[in-house]
Amino acid sequence: MPALTRWFIKSGLAYFVGALLLGVAVALSAVLPVPPAVGALAPVYYHFFMVGWVAQLIFGVVYWMFPRYSKEKPRGSETLGWATYGLVNLGLLLRAVGEPLHALQPGVGWGELLALSALLQWLAGMAFVLNTWARVKEK
């Protein structure tokens, strides 16, 4: 299994655990008196679950298992693969900080951090597609 695949899958597992913990915290905020910041974590829960866990698991398995690009570069560009990994994780971490802060202080400039987060995640998606597209072919 390639190192990049291991990083995607292990990071995905970490986000899965984090998403489950956030899900419990957000659910408890409905029945317990907790600070408002806990309720503001709901969007982070969804991003950790869908992008952090599901997308990264898919990225890792696709990088590893899809048909070869060529004999010289069986998985396409390793550099582009690592760029995908870095961009998606940086975007997720910025989202985890910016989302609750923007919900609690909407006029302070946290929206720009969210926009940067979304841009980084979009760039990661485009890098993934660019690196994978040619590997989707008929036998």
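This is a predicted model: local features need pLDDT of at least 70, side-chain atom pairs count only at pLDDT 80 or more; totals for chains, interfaces and linings use all residues.
**Stop 1: T84**

Select T84, which sits in helix α4, residues 78-104. Its relative accessibility is 3%, so T84 counts as buried, the cut-off for that class being under 20%. Now show its neighbours. Leaving out residues up to four places away in sequence, T84 is in contact with F8, F59, A124, A127 and F128. Three of these names, F8, F59 and F128, return at the next stop.

**Stop 2: the aromatic rings**

Display the rings of the aromatic residues; the structure holds 10 aromatic pairs. Take F8 and F59, an edge-to-face pair with 5.7 Å centre to centre and 85 degrees between the planes. This pair joins distant parts of the chain: F8 belongs to helix α1 (residues 3-28) and F59 to helix α3 (residues 42-65), 51 residues apart. Both F8 and F59 are buried.

Like F59, F128 is buried.

**Stop 3: around F8 and the nonpolar core**

Centre the view on F8. Beyond residues up to four places away in sequence, F8 touches Q56, F59, G60, G81, T84, Y85 and V88. Next, turn to the largest nonpolar core, which has 17 residues. Within this core, the members that touch the most others are L4, F8, F48, F59, V88 and L92. The largest share, seven residues, comes from α3.

**Stop 4: the cavity**

How many cavities of 30 Å³ or more does a search of the whole structure find? The search finds one, and the space in the largest cavity is about 80 Å³. To outline this cavity, select L4, F8, F59, V62, Y63, R75, G81, T84, F128, N131, T132 and R135. T84 from the opening stop is in this lining, as are F8, F59 and F128. At least two lining residues come from each of α1, α3, α4 and α5. By class, the lining divides into six nonpolar, four polar and two charged residues.

**Stop 5**

Move along helix α1 to V24. Is V24 buried or partly exposed? Its relative accessible area is 49%, so V24 is partly exposed; the exposed class would need over 50%. Draw a distance from V24 to Y45: their C-alpha atoms are separated by 9.6 Å, and the two residues are 21 residues apart along the chain.

Finish at M50 in helix α3. With a relative accessible area of 45%, M50 is partly exposed too. A distance drawn between the C-alpha atoms of M50 and G23 reads 13 Å, for residues 27 apart along the chain.

Notes: Residues are numbered from 1 along each chain as its sequence is written. Side-chain values use heavy atoms; hydrogens and water are left out. Helices (H or I, at least four residues) and strands (E, at least two) are DSSP runs, numbered from the N terminus. Buried means under 20% relative accessible area, exposed over 50%, partly exposed in between (1.4 Å probe, protein chains only). Contact means heavy atoms within 4.5 Å. Rings of Phe, Tyr and Trp (its six-membered ring) pair if their centres lie within 6.5 Å; planes under 30 degrees apart count as stacked, over 60 as edge-to-face and the rest as tilted. A nonpolar core is a set of buried Ala, Val, Leu, Ile, Met, Phe, Trp, Tyr and Cys residues joined through side-chain atoms within 4.5 Å. On a 1 Å grid over the protein atoms alone, a cavity is a set of points where a 1.4 Å probe fits but cannot get out, and a pocket is an open set with protein on both sides within 12 Å along at least five of seven lines; lining residues have an atom within 4 Å of a point. Grid points are joined across faces, edges and corners, and a volume is the space filled by probe spheres set on the points. Ala, Val, Leu, Ile, Met, Phe, Trp, Tyr, Cys and Pro count as nonpolar, Asp, Glu, Lys and Arg as charged, and the others, Gly among them, as polar.
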